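Me: Hi! Could you walk me through the charged pairs and the domain contact in this protein?

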Amino acid sequence: MVAKIRHEAFGRSQAPALLKELTETIGPRLTNSPGYERSTAWARDKLSGWGLANVHDEVYDPAFGRGWEFRSARVEMVSPRTLPIHALPKAWTPGTDGPVEGEVVRATFKTVEDLEKHKGKLHGKIVLLDEARAYKPAERPDFRRYSEEELGELQTFPVPQDRGEDAQARRLAEYRKREELNRALNAFLVEEGAVATLSISSWDNGILRVAGGGARKAGEPAGVTGLVVSAEHYNQLVRAVERKQDVRLRIDVDGGFTSDADLPASNVFAELPGKGGKASELVVIGAHLDSWHTGTGASDNGAGVVVMMEAMRILKAIGARPDRTIRIALWGGEEQGLNGSAGYVSKHLAAYPEPTDPEQRALPRAFQRGTGPLQRKRGYERFSTYFNFDNGTGRIRGIYAQENHAAVPVFKAWLEPFKDLGADIVTTRNTGSTDHMSFDRVGLPGFQFVQDPADYFSHVHHTHLDTYDHVVPEDLKQAAAIIASFAWHAATRAERMPRKPFTERDVE
């Protein structure tokens, strides 16, 4: 079976062509944007065309937020000289409704009390929200593979330090403070008549790293037009203002909300049905379909989407008939906090009772305190495992076992046929920040693969450079073969994947 998988994966791969379609025809896929809706229809069409079963969307949040998109953005300095400014808008902030001009000023808002200091001073102004930042040359290559030394180090387990009982409380306090300031600042800027805000990109070398701003929820203040500016251009603006020069910009952002009300948000699913007595048991493979809006979401996470789709196509094409059902999940809302996968787990597998305190209910899931023990749903005992792919184009080098020691020898055996492709390590370490955590948090086996860093955190992560050109097609083929094999083995082994020891306090 592994030989058949490899033959199909390397001889008739559709992964690169799929990624071109997804990123260059569909484009960016901000959750609930028109682009995201086009991508779900595209994915359903492909999965159905391959003959997979039970292809459908499923709502995970009936009121995720408003739709938003932008079509163009132009920023120019018109005084003290002319200069095109490299900038792109934050998601969920309003457009300008045509070209607008304004004087550039610098203002600091670190607490709600800072608002009063600037009252009556921002009408008609374009506000620089950040300080200038000194340029720091990179210490590592822009693109890299893991060295043997680094892979060896990954296979050691660092004993975690005690974070202290108040760590979660501090994070919650910081979150509440940040959210309170954001809401107050958005309303204040509109009341004062500011034109726009500018923030500095967190990366240098002209790279625009842009996420969200404003407010996606209907009824919450979205503020004024917000843009992220390349560090090198932003620093020039700050220095000119500090020299007391008359700095003026012209801004034209064609974009904004595509709906007035909060819209439901959905995931996409399809299946390769199991046969016999274990058909009701599930092996799930997944990746998040949503992306940010300034690139085309090729590495984050178009690569994962097409790898998982290709794995399903491979299994269907070679006539695989697994014992357990293999399900593909394409998640929405990952960029806003693993929302799609968390909603799926909560609905079908396990969830803590929702808090009754309105203040607690308003918090993200990670900060909520449940009102009782974990409630296991019917699917909990029928669930075997989940595999995720979400670290860019990087070639698979192994897998994180998430401290599931019983899974280690299983994974080592499954990787044996792929040593010639550079995939051979199993590390007991945990890794976070991807959709496998939604499963791991409720005691179910969820795993993310070890991937080469490539240029994920030097060029593409959440930036306007996240495009097809930064993806390595051969890496996609390798990953699809490995994941198809893992899914097959998990779906045909005598027992479900072993589960690690789990106590509910692990979730705190």
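Me: Are Glu281 and Arg324 buried or exposed?
Reply: Both Glu281 and Arg324 are buried (under 20% relative accessible area with a 1.4 Å probe, protein chains only; exposed is over 50%, and partly exposed is in between). This is a predicted model, where local features need pLDDT of at least 70 and side-chain atom pairs count only at pLDDT 80 or more, while totals for chains, interfaces and linings use all residues. Residues are numbered from 1 along each chain as its sequence is written, and side-chain values use heavy atoms, with hydrogens and water left out.

Me: Thanks! What do the side chains of Glu281 and Arg324 meet in?
Reply: A salt bridge, at 2.7 Å from N to O. The term means a side-chain nitrogen of Lys or Arg within 4 Å of a carboxyl oxygen of Asp or Glu. Glu281 is in the loop between strand 10 (263-272) and strand 11 (282-288), and Arg324 is in the loop between helix 8 (298-317) and strand 12 (325-331). Helices (H or I, at least four residues) and strands (E, at least two) are DSSP runs, numbered from the N terminus.

Me: How many salt bridges does the structure hold?
Reply: There are 30. One of them pairs Asp254 with Arg71 at 3.0 Å, N to O. Asp254 belongs to strand 9 (residues 248-257) and Arg71 to strand 2 (residues 68-79), so this pair ties together parts 183 residues apart in sequence. Asp254 is partly exposed at 34% relative accessibility, and Arg71 is exposed at 52%.

Me: Switching topic: how is the chain divided into domains?
Reply: Domain 1 covers 2-66 + 261-492, and domain 2 covers 70-157 + 176-254; these bounds come from an automatic or database domain assignment. Their C-alpha centres lie 32 Å apart. The contact (heavy atoms within 4.5 Å) takes 43 residues from domain 1 and 34 residues from domain 2.

Me: What area do they bury between them?
Reply: About 3300 Å², with 55% of it on carbon and sulfur atoms. Buried area is the accessible area (1.4 Å probe) that two parts lose on being put together, summed over both. On the domain 1 side, Arg66, His293 and Arg429 lose the most area to domain 2, together 20% of what that side buries.

Me: And how many salt bridges are counted between domain 1 and domain 2?
Reply: Four. Elsewhere in the list of pairs, Arg397 and Glu148 meet in a salt bridge at 4.0 Å, N to O. Shared partners join Arg145, Glu148, Arg395, Arg397, Asp452 and Asp475 into one salt-bridge network.
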